[in-house]
Amino acid sequence: PFPKDLQPEMEIRLSSKTGAAFFSPKAHDGTTILISAYIIDQSDDVIAAASREDMYMGSLGYVLQFNVSDDLEFVTARAIYDDGSDPVKVFTKIVFVPRK
């Protein structure tokens, strides 16, 4: 799981069939830095992936957008962070898709 200060915000909008994960660029202590993130579906298929640079959306921060198919049950957000130690840290958050 993600530490509290790195917990991503997740939004799923069924009306537009889109989702977004908003990632923190670094921990409060400033030593743990976001490298990349990806979203997988319930079948472990990657439905979105991007580097830190590709996710940057100005005032919105670091956002990874994904499509929400009709059969999508849940998504797993994974983010890779580097805190200077070896190996890098991979954090996970699962979000279930709300039903109408």
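Predicted model: local features only at pLDDT ≥ 70, side-chain atom pairs only at ≥ 80, totals over all residues.
Before anything else, a working definition: I call two strands paired if DSSP finds at least two bridges between them.

**Entry 1: the open sheet**

I started with strands 3 and 6. Strand 3 covers residues 33–40 and strand 6 covers residues 74–82, and I found the two pairing in the antiparallel sense over seven bridges. Which residue of strand 6 does I33 stand opposite? I looked it up, and it is D82.

Next I stepped back to the sheet around them. Four strands make up an open sheet, with the order 4-3-6-7 and antiparallel pairing. At the edges I found strand 4 (46–51) and strand 7 (89–96), each of which pairs on one side only. Ignoring direction, neighbouring strands of this sheet are turned by 15° against each other on average. A reminder to myself: strands of a sheet pair through backbone hydrogen bonds, either parallel or antiparallel.

**Entry 2: T32**

I then moved to T32, which I found in the loop between strand 2 and strand 3. Is T32 buried or exposed? Its relative accessible area is 11%, and the cut-off for buried is under 20%, so T32 counts as buried. Setting aside neighbours within four places in sequence, I listed the contacts of T32 as L6, P25, K26, A27, Y81, D82 and D83.

**Entry 3: F66**

F66 was my next stop, and its place is in strand 5. I read a relative accessible area of 4% for F66, so this residue is buried as well. What does F66 touch, leaving aside its neighbours within four places in sequence? I noted contacts with E11, I12, K17, T18, G19, A20, A21, I39, I47, A48 and V75. I also checked F66 against V46: they are 20 residues apart in sequence, and their C-alpha atoms are 9.9 Å apart in space.

**Entry 4: the largest pocket**

Last, I looked at the largest pocket, which has a volume of about 150 Å³. I wrote down its lining as E11, R13, T18, G19, A20, F22, M57, L60, V63 and Q65. Strand 1 (9–13), strand 2 (18–23) and strand 5 (62–67) are the elements that each give two or more residues to this lining. Which strand gives the largest share? Strand 2 does, with four residues. By type, I sorted the lining into five nonpolar, three polar and two charged residues.

Methods:
Residues numbered from 1 in each chain as written. Heavy atoms only, no water. 1 Å grid on protein atoms, 1.4 Å probe; cavity = no way out; pocket = protein on both sides within 12 Å on 5 of 7 lines; lining within 4 Å. Points joined across faces, edges and corners; volume = space filled by probe spheres on them. Nonpolar A, V, L, I, M, F, W, Y, C, P; charged D, E, K, R; others polar. Buried < 20%, exposed > 50% of the residue type's maximum accessible area, 1.4 Å probe, protein only. Contact = heavy atoms within 4.5 Å. Axes fitted to C-alpha atoms, helices over the stretch in contact; angles between N-to-C directions.
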